[in-house]
Amino acid sequence: MPQILIINSTTREGRFSERAAAWVVDQLKGRSDFTVDLLDLREHPLPFFDQPMSPMYTLRDYPNEEIAKFGRRVDAADGFLILTAEYNHGYTAVLKNAMDHTLVEWRRKPVAFVGWGNVGGARAIEQLREVAVEFEMAPLRHAVHILPDILVPAIQAPEPFDDSIFTPLEPKLKVLADDLAWWTKALADARATAD
């Protein structure tokens, strides 16, 4: 069965992304058309990219085990769902750095997004779509934008967190997941028959 790698792309203390990630995983884990794997960038503390050559040329010749571990997780996925905050109209530096350590692992695979912030992470997602094209990925149209009307109460909610606050977003997440499943299968089939 195809595997979707859900990437939690924030690492700061007290991050909201843990609540968003738990909700997304809970909503998608029971699907019959793909499995999910959650990758938390906190678990992959990569150095700032400073390699003498781009991964475009070095491919999977990783300079150390930490980068190799991250690269193998990305490589094993058939599609991606990136969870992103919006910092100063852009996506997180830790995500950009992680992606820059790899390249071919992302190729010819679909990617969708769940974002949050004042405009639901829309500007960060648009930037990520442009980067995805350079990585030869297929960025999908449907995204989930967690706007302040849900974001603020979700941030302020006490523990244990009740993710029913995200209920109004469930139809959008379902559309995203259905689209991601279709593209994941189509591109996996195409990759399997490529030269």
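Modeller: Gladly, and since salt bridges will come up, I count one where a side-chain nitrogen of Lys or Arg lies within 4 Å of a carboxyl oxygen of Asp or Glu. Please keep in mind throughout that this is a predicted model.

Colleague: What is the N to O distance in the salt bridge between arginine 107 and glutamate 136, and which parts does the pair tie together?

Modeller: Arginine 107 lies in the loop between H4 and E4, while glutamate 136 lies in the loop between helix H5 (122–134) and E5, so the pair ties together parts that are 29 residues apart in sequence. Arginine 107 counts as partly exposed at 27% relative accessibility, and glutamate 136 likewise counts as partly exposed, at 43%. Their side chains meet with an N to O distance of 3.3 Å.

Colleague: How many residues apart in sequence are the parts tied together by aspartate 78 and arginine 191?

Modeller: The side chains of aspartate 78 and arginine 191 meet in a salt bridge, at 3.1 Å from N to O. Aspartate 78 sits in the loop between H3 and E3, whereas arginine 191 belongs to helix H7, so the parts that this pair ties together are separated in sequence by 113 residues.

Colleague: Is aspartate 78 buried or exposed?

Modeller: The cut-off matters here, because a residue is called buried under 20% relative accessible area. Aspartate 78, at 18% relative accessibility, counts as buried.

Colleague: By about how much of the helix are lysine 174 and aspartate 178 separated?

Modeller: Lysine 174 and aspartate 178 form a salt bridge in which the closest N and O atoms are 2.7 Å apart. Both residues are in helix H7, and because they are four residues apart there, the separation is about one helical turn.

Colleague: Which residues do salt bridges with shared partners join into one network?

Modeller: A search of the whole structure finds 17 salt bridges. Where such bridges share partners, they link up into one network, whose members are Arg15, Glu18, Asp40 and Arg42.

Colleague: What is the order of the strands in the open sheet?

Modeller: The sheet has five strands with parallel pairing, and its edge strands, each pairing on one side only, are strand E2 (35–40) and strand E5 (138–146). Strand E4 (residues 110–116) pairs with E5 over six bridges, and phenylalanine 113 stands opposite alanine 143 in E5. The order is E2-E1-E3-E4-E5.

Colleague: At about what angle does helix H7 run to E5?

Modeller: Helix H7 (residues 170–193) lies across strand E1 (3–8), strand E3 (79–85), E4 and E5. Its angle to E5 is about 165 degrees.

Colleague: Which residues form the nonpolar patch on the surface?

Modeller: The patch has about 350 Å² of accessible area in total. One of its members, methionine 53, is found in the loop between E2 and H2 and is partly exposed, with a relative accessible area of 46%. The patch consists of Met53, Met56 and Tyr57.

Note on methods:
Residues are numbered from 1 along each chain as its sequence is written. This is a predicted model: local features need pLDDT of at least 70, side-chain atom pairs count only at pLDDT 80 or more; totals for chains, interfaces and linings use all residues. Side-chain values use heavy atoms; hydrogens and water are left out. Two strands pair if DSSP finds at least two bridges between them. Helices (H or I, at least four residues) and strands (E, at least two) are DSSP runs, numbered from the N terminus. Contact means heavy atoms within 4.5 Å. Axes are lines fitted to C-alpha atoms, for helices over the stretch in contact, and angles run from 0 to 180 degrees between N-to-C directions. Patches are made of residues with over 30% relative accessible area and no salt bridge: like charges are joined within 9 Å, nonpolar side chains (Val, Leu, Ile, Met, Phe, Trp, Tyr) within 5 Å. Accessible areas come from the Shrake-Rupley method with a 1.4 Å probe; for residues, only the protein chains shown count as cover. Buried means under 20% relative accessible area, exposed over 50%, partly exposed in between (1.4 Å probe, protein chains only).
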